[in-house]
Amino acid sequence: MVWITAMARHSDNKAKGRSARAEICRMVLAAAIYYCWQERNWAVFQKKRRTPKAILRLIIQEIHVRATRFPKLARVMSTLDWYPEI
């Protein structure tokens with residue numbers, strides 16, 4: 001789980017505070033950890049796998065849906081290139 005520590009360290013400074021960007025950064029970190037853990041469980045218990053591209057798409061969709069519920073976050077999300085071609 002070294003990658004989780006690396007992700008947490010990288011996002012530590014960006015996720016501090018109550019700004020919209022900090023909240024989005026925390027949401028991205030939480031979603032990335034959740035979907036990586038879910039993928040691990042699927043691989044171990046159900047013998048199923050998704051491509052990294054599919055997992056990334058799920059994370060992006062999750063962040064977009066959650067952020068649009070809050071006007072402050074929705075404004076910031078509209079300025080970001082939140083759904084890149086991958």
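Tyrosine 35 counts as buried at 10% relative accessibility, where buried means under 20% relative accessible area, exposed over 50% and partly exposed in between (1.4 Å probe, protein chains only). Tyrosine 34, by contrast, is partly exposed, with a relative accessible area of 49%. This is a predicted model, in which local features need pLDDT of at least 70 and side-chain atom pairs count only at pLDDT 80 or more, while totals for chains, interfaces and linings use all residues. Residues are numbered from 1 along each chain as its sequence is written, and side-chain values use heavy atoms, with hydrogens and water left out.

**Rings and charges**

- One aromatic pair is found in a search of the whole structure, and tyrosine 34 and tyrosine 35 form it in an edge-to-face arrangement, 5.0 Å centre to centre with 80° between the planes.
- Rings of Phe, Tyr and Trp (its six-membered ring) pair if their centres lie within 6.5 Å, with planes under 30 degrees apart counted as stacked, over 60 as edge-to-face and the rest as tilted.
- Arginine 40 has its charged end over the ring of tryptophan 37, 5.1 Å from the ring centre, and arginine 50 has its charged end over the ring of tryptophan 42, 4.0 Å from the centre; the criterion is NZ of Lys or CZ of Arg within 6 Å of the ring centre and within 35 degrees of the ring normal.

**Fold and helix α3**

- The protein chain has four helices and zero strands, helices (H or I, at least four residues) and strands (E, at least two) being DSSP runs numbered from the N terminus.
- Helix α3 (residues 52-67) has 16 residues that should span 22 Å at 1.5 Å a residue, and its end C-alpha atoms are 22 Å apart, which agrees; the expected span is 1.5 Å times one less than the number of residues.
- The buried residues of α3 are Ile55, Ile59, Ile60, Ile63 and Ala67, and seen down the axis they fall within an arc of 135°, so they line one face of the helix, the arc being that of the directions from the helix axis to the C-beta atoms.
- The cover over these buried residues of α3 includes α2 (20-46) and α4 (71-79), with contact meaning heavy atoms within 4.5 Å.

**Confidence**

- The mean pLDDT of the protein chain is 80, and 74% of its residues reach 70 or more, pLDDT being the predictor's confidence in each residue, from 0 to 100.
- Where pLDDT is low, the predicted coordinates should not be read in detail.
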